[in-house]
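I opened the model in the viewer and kept short notes. Each entry records what I looked up.

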Amino acid sequence: VPSGIVLVAINPYEQLPIYEQDVIYAYSGQNMGDMDPHIFAVAEEAYKQMARDEKNQSIIVSGESGAGKTVSAKYAMRFFATVGGSASETNIEAKVLASSPIMEAIGNAKTTRNDNSSRFGKYIQIGFDKRYHIIGANMRTYLLEKSRVVFQAEDERNYHIFYQLCASSSLPEFKDLGLSKCWHIPVPCW
């Protein structure tokens with residue numbers, strides 16, 4: 001199977017001014033290779049090919065824990081929302097990512113390499129109309145590490161939701177969850 005463009009990105013672990021709105025506009029409409037390698041260049045190429053060939057495109061973001069995969073996906077979505085004319089109209093990036101805190105609580109855990117490591121994969125499908133404006137999105141998750149629920153390696157933790165539930169077990173709202181009868185933990189959560 002032929003592969004498209006490959007971009008190797010490094011997480012600098014700090015905010016850099018290379019993802020601002022003016023940078024999106026600088027990459028919009030450019031040909032691949034005319035500018036420095038960037039997630040916006042990859043997104044622009046996929047966007048142009050979708051419009052030109054009227055075929056689905058995929059961007060695969062891969063890397064080790066803490067490499068910045070989720071952040072790279074957010075930047076690609078921001079690019080599509082901006083060039084597709086939807087950034088201010090529907091704020092699709094915010095809508096797609098609104099579930100992120102919930103997803104992170106359920107699917108992220110502390111590992112030896114990252115305190116907030118996603119232990120699941122995400123497949124984000126973005127829908128465009130005939131004018132190539134974003135009209136919706138769908139996010140699916142897969143490969144949840146079920147074994148982490150009952151066993152964690154040394155210096156690692158269970159999913160964040162476990163500790164959040166423990167910390168909130170004394171709140172009145174906790175009773176509404178229907179967990180009080182089965183919620184017997186012999187050791188402190190923290």
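**Entry 1: the largest cavity.** I looked for the residues around the largest cavity and found Y27, Q30, N31, M32, G33, D34, M35, D36, A41 and E44 in its lining. A cavity is a set of points on a 1 Å grid over the protein atoms alone where a 1.4 Å probe fits but cannot get out, and lining residues have an atom within 4 Å of a point. I noted the idea behind the method: rolling a probe the size of a water molecule over the atoms shows where empty space is left. The largest cavity holds about 50 Å³ of space. Its volume is the space filled by probe spheres set on grid points, which are joined across faces, edges and corners. I found 1 cavity of 30 Å³ or more in the structure. The lining of the largest cavity splits into 4 nonpolar, 3 polar and 3 charged residues. Here Ala, Val, Leu, Ile, Met, Phe, Trp, Tyr, Cys and Pro count as nonpolar, Asp, Glu, Lys and Arg as charged, and the others, Gly among them, as polar.

**Entry 2: ground rules.** The model is predicted, so I wrote down that local features need pLDDT of at least 70 and side-chain atom pairs pLDDT 80 or more, while totals for chains, interfaces and linings use all residues. Residues are numbered from 1 along each chain as its sequence is written, and side-chain values use heavy atoms, without hydrogens and water.

**Entry 3: the overall layout.** I counted 6 helices and 4 strands. These are DSSP runs numbered from the N terminus: helices are H or I with at least four residues, strands are E with at least two. Along the sequence the pattern reads α-α-α-α-α-β-β-β-β-α. Of the 190 residues, 27% are buried. Buried means under 20% relative accessible area, exposed over 50%, and partly exposed in between (1.4 Å probe, protein chains only).

**Entry 4: the nonpolar core.** Which members of the largest nonpolar core touch the most other members? Among its 16 residues, they are Y27, F40, F79 and F80. Helix 1 (21-27), helix 2 and helix 3 each give at least two residues to this core. Such a core is a set of buried Ala, Val, Leu, Ile, Met, Phe, Trp, Tyr and Cys residues joined through side-chain atoms within 4.5 Å. Beyond four places in sequence, its contacts include I18, V23, Y27, Y75 and F79. Contact means heavy atoms within 4.5 Å.

**Entry 5: the second largest pocket.** A pocket is an open set of points with protein on both sides within 12 Å along at least five of seven lines. The second largest pocket holds about 670 Å³ of space. It has 24 lining residues, and I5, V6, V42, I59 and I60 lie nearest its centre. Helix 2 (39-53) and helix 3 (69-83) each give two or more residues to this lining. Helix 2 has the largest share, 5 residues.

**Entry 6: a UniProt record.** An unreviewed UniProt entry lists G63, E64, S65, G66, A67, G68, K69 and T70 under "binding site". UniProt positions use the numbering here, feature names are shortened, and annotations may be inferred rather than shown by experiment. S65 sits in the loop between helix 2 and helix 3. Is S65 buried or partly exposed? S65 counts as partly exposed because its relative accessibility is 23%.
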